[in-house]
Amino acid sequence: MNYKANSPEEYIKQLPEERQFAVSKLRAIISKNLPKGFQEQMSYGMLGWVVPHSIYPDGYHCDTKLPLPFINIASQKNFVALYHSGIYAYPKLHDWFVKEYPKYVKTKLDMGKSCIRFKKMETIPYELIEELCTKMTVDEWIALYEKNVKTK
């Protein structure tokens with residue numbers, strides 16, 4: 001779903017009421033637990049955390065005017081999505097997350113390459129997301145990005 005927002009607060013205000021709490025809580029968890037250097041901003045019409053140009057001047061290879069994306073949260077038609085580029089680019093992190101998920105949630109994991117979909121707001125594994133956020137530093141993400149993503 002497309003929301004026209006210039007700030008995370010504007011984005012959250014536009015969400016259906018039943019999603020505002022979940023997205024706000026995810027936002028707070030990500031902001032608190034990401035290692036130093038990631039910066040929150042609106043990114044691709046979603047809440048996003050990026051590596052700013054001040055740290056990684058090359059930017060995103062698809063459009064170098066944009067900073068390097070890392071995590072996004074989006075409210076889609078039937079779910080809230082958490083996009084985590086590290087899960088996509090680092091199989092060990094992906095496998096860790098897939099293994100840990102059933103310890104927090106009884107329903108089946110609904111996941112794409114970098115997208116984790118939450119259809120029921122009450123089953124979002126906030127503690128697992130909190131731990132996921134601590135697993136990769138800015139420098140580790142840049143190195144992984146340059147090795148696995150940028151060269152493809």
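Biologist: How many helices and strands does the protein chain have, and in what order do the elements run?

Modeller: This is a predicted model, so that holds for every answer here. The protein chain has six helices and five strands. From the N terminus on, the order is α-α-β-β-β-β-α-α-β-α-α.

Biologist: What is the radius of gyration of the protein chain, and what does the globule rule give for 152 residues?

Modeller: The C-alpha atoms fill a box of roughly 40 × 35 × 25 Å along the principal axes. For 152 residues the globule rule gives 15 Å, and the chain comes close to that, so it is as compact as a globular protein of that length. Its radius of gyration is 15 Å.

Biologist: What share of the 152 residues is buried?

Modeller: Buried means under 20% relative accessible area. By that cut-off, the buried share of the protein chain is 49%.

Biologist: Among contacts between residues at least 6 apart in sequence, what percentage joins residues at least 24 apart?

Modeller: Take the contacts in the protein chain between residues at least 6 apart in sequence. The part of them that joins residues at least 24 apart is 58%.

Biologist: Which residue of β2 is the bridge partner of Q41?

Modeller: Strand β1 covers residues 39–43 and pairs with β2 in the antiparallel sense, over five bridges. The two strands form a hairpin with two residues between them. In β2, the partner of Q41 is G48.

Biologist: Which residue of β3 is the bridge partner of V50?

Modeller: β2 spans residues 46–51, and six of its six residues are buried. Five bridges join β2 to β3, residues 68–75, and the two run antiparallel. V50 has as its partner in β3 P69.

Biologist: Is Y44 buried or exposed, and what is its relative accessible area?

Modeller: Y44 is found in the loop between β1 and β2. Its phi is positive, near 55°, and Y44 is not a glycine. Most residues other than glycine have a negative phi. Y44 is exposed, with a relative accessible area of 51%.

Biologist: Which element supplies the largest share of the lining of the largest pocket?

Modeller: The largest pocket has a volume of about 270 Å³. Of its 15 lining residues, the closest to its centre are Y60, P69, N72, S85 and S114. At least two lining residues come from each of β3, α3 (85–89) and α6 (138–149). The largest share, four residues, comes from β3.

Biologist: How many residues of the pocket lining are nonpolar, polar and charged?

Modeller: Sort the lining of the largest pocket by residue class. The division is eleven nonpolar, four polar and no charged.

Biologist: Against which elements do the buried residues of α6 pack?

Modeller: In α6, the buried residues are V138, W141, I142, L144, Y145, N148 and V149. Helix α6 also contributes at least two residues to the lining of the largest pocket. The buried residues of α6 pack against β2, β3 and α3.

Biologist: Beyond its neighbours within four places in sequence, which residues does V105 contact?

Modeller: V105 sits in the loop between α4 (91–100) and β5 (115–118). At 4% relative accessibility, V105 counts as buried. I124 is 19 residues away in sequence, with its C-alpha 7.7 Å from that of V105. Leaving those neighbours aside, V105 is in contact with T123 and P125.

Biologist: What distance separates the C-alpha atoms of K120 and T107?

Modeller: K120 lies in the loop between β5 and α5 (126–133). At 47% relative accessibility, K120 counts as partly exposed. K120 and T107 are 13 residues apart along the chain, and their C-alpha atoms are separated by 9.9 Å.

Terms used. Residues are numbered from 1 along each chain as its sequence is written. This is a predicted model: local features need pLDDT of at least 70, side-chain atom pairs count only at pLDDT 80 or more; totals for chains, interfaces and linings use all residues. Side-chain values use heavy atoms; hydrogens and water are left out. Buried means under 20% relative accessible area, exposed over 50%, partly exposed in between (1.4 Å probe, protein chains only). Two strands pair if DSSP finds at least two bridges between them. On a 1 Å grid over the protein atoms alone, a cavity is a set of points where a 1.4 Å probe fits but cannot get out, and a pocket is an open set with protein on both sides within 12 Å along at least five of seven lines; lining residues have an atom within 4 Å of a point. Grid points are joined across faces, edges and corners, and a volume is the space filled by probe spheres set on the points. Ala, Val, Leu, Ile, Met, Phe, Trp, Tyr, Cys and Pro count as nonpolar, Asp, Glu, Lys and Arg as charged, and the others, Gly among them, as polar. The radius of gyration is taken over C-alpha atoms; the globule rule is 2.2 Å times the number of residues to the power 0.38. Contact means heavy atoms within 4.5 Å.
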